[in-house]
Amino acid sequence: LDIRHLTRRHDKLLASYHRVWYVMFPYKHLERYANLLWRMDQALLRENLNHELPNLAAISVQRGLHHGVYSEAETVTYLQTWLNISRELKYKDISLLLHLPLFLANKSLPVYHQ
C-alpha cells in the first residue's frame, strides 16, 4: 500500500497518531518518517537485537509500545515480530510500518505487574 494512495483524512490521522508534524502535505512527512523507521529497522537487523540493548524502551515507544505496561520479555517479542515484518517489506509497502502499532500492540493485553 503506497502512502500516496491513502486518503488525506487517513494521512492526517496517521500523522497525528505518530506525532508527525506537517503543514500542507502529510503524506510527504509520513513517507519520510516511515523511511526513517524502516532504515533503523534494517540497522537493528544488521546489529542483531539483543536483550541488553540500553535503548530498548525508546525503541519500543518509537514503534508504538508503551514499555512501562509490558514486561521486558513481551517488549522483546513485540520488537522481534516488528523486525520480522519489517525485514520482508519492500519500499513501496512502507506505509505498513505506520499501521503496525495498531495491529501488533492490540494483539494481546498487557499483564500488569503490581
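The model is predicted: local features require pLDDT of at least 70 and side-chain atom pairs count only at pLDDT 80 or more, whereas totals for chains, interfaces and linings use all residues. Residues are numbered from 1 along each chain as its sequence is written, and side-chain values use heavy atoms, with hydrogens and water left out. The protein chain contains five helices and zero strands, in the order α-α-α-α-α from the N terminus. Helices (H or I, at least four residues) and strands (E, at least two) are DSSP runs, numbered from the N terminus.

**Overall composition**

- Of the 114 residues in the protein chain, 36% are buried; buried means under 20% relative accessible area, exposed means over 50%, and partly exposed lies in between (1.4 Å probe, protein chains only).
- Among contacts in the protein chain with a separation of 6 or more, 53% involve residues 24 or more positions apart, a contact being heavy atoms within 4.5 Å.
- The protein chain exposes about 7600 Å², of which carbon and sulfur atoms supply 56%; accessible areas come from the Shrake-Rupley method with a 1.4 Å probe, and for residues only the protein chains shown count as cover.

- In helix H5 (residues 96-104), the buried residues are Leu97, Leu98, His99, Leu100, Pro101 and Leu104; their cover includes helix H1 (8-18), helix H2 (26-47) and helix H4 (72-88).
- Not counting residues up to four places away in sequence, Leu97 touches Ala34, Leu37, Trp38, Asp41, Trp82, Ser86 and Leu89.

- The whole structure holds two aromatic pairs. One of them joins Tyr78 and Trp82 in a tilted arrangement, at 6.3 Å centre to centre with 40° between the planes.
- Rings of Phe, Tyr and Trp (its six-membered ring) pair if their centres lie within 6.5 Å; planes under 30 degrees apart count as stacked, over 60 as edge-to-face and the rest as tilted.
- Tyr78 and Trp82 are four residues apart in helix H4 and therefore separated by about one helical turn.
- Both residues are buried: Tyr78 has a relative accessible area of 7%, and Trp82 has one of 0%.

- Ser60 lies in helix H3 (residues 56-62) and counts as buried because its relative accessibility is 0%.
- Leaving aside neighbours within four places in sequence, Ser60 is in contact with Leu65, His67, Thr75 and Leu79.
- Val76 belongs to helix H4 and is buried, with a relative accessible area of 4%.
- The C-alpha atoms of Val76 and Ser60 are 8.6 Å apart in space, while the two residues are 16 residues apart in sequence.

**Surface patch**

- A nonpolar patch on the surface is formed by Trp21, Val23, Met24 and Phe25, with about 510 Å² of accessible area together.
- Patches are made of residues with over 30% relative accessible area and no salt bridge, like charges being joined within 9 Å and nonpolar side chains (Val, Leu, Ile, Met, Phe, Trp, Tyr) within 5 Å; a salt bridge is a side-chain nitrogen of Lys or Arg within 4 Å of a carboxyl oxygen of Asp or Glu.
- Phe25 sits in the loop between H1 and H2 and is partly exposed, with a relative accessible area of 41%.
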